[in-house]
Amino acid sequence: MKNTFFEYYQTSDEDLKKIWEDCFFSLDANVLLNFYRYTEATRNKFFEVLKNIEDKLIITHQAGFEFHKNRLTTINSQQKAYDNLTSFFSKKCNEIESELNNYKKHSYLQIGSISEEINKTFEKVNKDIEELKKKHPDLIDKDEIKNAITELFDKKITGSYDKESLTKIYKEGKERYENEIPPGYKDYKQKKNNDENSLYGDYIIWCQIMDFAKEKKKSIIFITDDLKEDWWYKFNGKTISPRPELLKEFFEITEQKILIYNADSFLLYSKNQMGTDIDDTILEEIKNLRLKDENYLYYQNLKNLNKLFSIQNKTLRKSFDKEIFNHLIKSDLNDSEYYDLYRKFLENYLSENLENKKRKYTELEKEQILKYLIESKDFNNTQRIMIYNILKKYFRDSKDDNDENLELV
């Protein structure tokens, strides 16, 4: 059983040891870009770990390209943070000042003194931020991080594809994305208007890793900070493993094994497999950065859900009635977990309206439904996103040809 369906089982300690001892380590572009987001101590320790395995390091041509393409954007986002914060605090200070003005005639509140103290606090904070901004290295003109990465991966880049090969991969990628075959299909909505190299970047990386493993007859440890579900198998808010389909495909094509880690998991395993000396605070910093990114993805999904409820059109106005419920049961979303979740959502909040096919919900009611979905303790984050995906699919399938507003990001 385990040999036949190995992709659904944890790798044994014995196999882990063999792979770590005789494999190549491949880093995704997002891992290298996150070096610009780490503290100096954490970044230096990460570099130290990579230098210990530099004779087994590789980077795919596509990942190297994406690193260089996105490097300045990542640097700029770090530099802009100082101005964004000072702007935010200035705005809040003005809002507080405006609110305090409503109480100027209060007999006991000393509004002038309160306002003065608040202004002093904001001025100090802004001054501290400006001082930190001055100390921030100018990585656009002199980028020591880029230099270190360049040196680390010198002559360790996999082969690129010619135009004919890329055309074939783009065609394969399109078919895979349409059928939600990992990796990369989660990028479609975000990148559908981009060039094909960007749109199918994850699939190109995947193909280049497999080509390399097949040629060298070596297993691969792939380190990526991509958090989307086209790389990871998630259940009830917990990441279980890399997508089993990926593990199976890799073995079938290369006859080799692949282990996929995010950055903090890779460093944690390196302690056990290579005896790396890494302080827990460093692991915690890298893990916290990943969790922040995961929360960002979650809230982006909630923002999309909010857009869905705010759309003004006839399709939305007839939502959440029995007809939609029946449509979902008959749809190709036949996963029992999806079905049970959506049934629970309807029954908990809308049971009294299930039989009323003519029911139309007001904007206020739609807002209350959204508020319930976000705040209810009946659902975890992953379940909320699953419900959102069901709603998104329904509105996509049932929208009018001229109804462009329903196309969600």
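**Exercise 1. Are Phe 35 and Phe 46 buried or exposed?**

Solution. The model is predicted: local features need pLDDT of at least 70, side-chain atom pairs count only at pLDDT 80 or more, and totals for chains, interfaces and linings use all residues. Residues are numbered from 1 along each chain as its sequence is written, and side-chain values use heavy atoms, leaving out hydrogens and water.

Step 1. Buried means under 20% relative accessible area, exposed over 50%, and partly exposed in between (1.4 Å probe, protein chains only).

Step 2. Apply it. Phe 35 and Phe 46 are both buried.

Step 3. Widen the view. Of the protein's 409 residues, 43% count as buried.

**Exercise 2. Classify the ring pairs Phe 35–Phe 46 and Tyr 261–Tyr 269.**

Step 1. Rings of Phe, Tyr and Trp (its six-membered ring) pair if their centres lie within 6.5 Å. Planes under 30 degrees apart count as stacked, over 60 as edge-to-face, and the rest as tilted. The structure holds 20 aromatic pairs.

Step 2. The ring centres of Phe 35 and Phe 46 are 4.9 Å apart and the planes stand at 40°, so this pair is tilted. Phe 35 sits in the loop between H2 and H3, and Phe 46 in helix H3, so the pair ties together parts 11 residues apart in sequence. Helices (H or I, at least four residues) and strands (E, at least two) are DSSP runs, numbered from the N terminus.

Step 3. The rings of Tyr 261 and Tyr 269 have centres 4.7 Å apart and planes at 25°, so this pair is stacked. Tyr 261 is buried at 7% relative accessible area, whereas Tyr 269 is partly exposed at 31%.

Step 4. Both pairs belong to one aromatic cluster, whose members include Phe 35, Phe 46, Tyr 261 and Tyr 269.

**Exercise 3. Describe how helices H7 and H10 meet.**

Step 1. H7 covers residues 163-178 and H10 covers 201-216. Their axes come within 10 Å and cross at roughly 115°. Axes are lines fitted to C-alpha atoms, for helices over the stretch in contact; angles run from 0 to 180 degrees between N-to-C directions.

Step 2. List the contact, meaning heavy atoms within 4.5 Å. From H7 come Leu 166, Ile 169, Tyr 170, Glu 172, Gly 173, Arg 176 and Tyr 177. H10 supplies Tyr 203, Ile 204, Trp 206 and Cys 207.

Step 3. Sort by class. The contact has eight nonpolar, one polar and two charged residues. Ala, Val, Leu, Ile, Met, Phe, Trp, Tyr, Cys and Pro count as nonpolar, Asp, Glu, Lys and Arg as charged, and the others, Gly among them, as polar.

Step 4. Look at H10 itself. Of its 16 residues, 12 are buried, so H10 is largely enclosed by the rest of the structure. Among them are Gly 201, Trp 206 and Ala 213.

**Exercise 4. Which backbone features stand out at Lys 155, Lys 217 and Pro 183?**

Step 1. Recall the background. Most residues other than glycine have a negative phi, and most peptide bonds are trans.

Step 2. Lys 155 has a positive phi of about 60°. Lys 155 lies in the loop between helix H6 (144-152) and H7, and is exposed at 79%.

Step 3. Lys 217 has a positive phi of about 55°. Lys 217 lies in the loop between H10 and strand S3 (219-223), and counts as exposed at 61%.

Step 4. The peptide bond from Pro 182 to Pro 183 is cis, with omega near 0°. Pro 183 lies in the loop between H7 and helix H8 (188-191).
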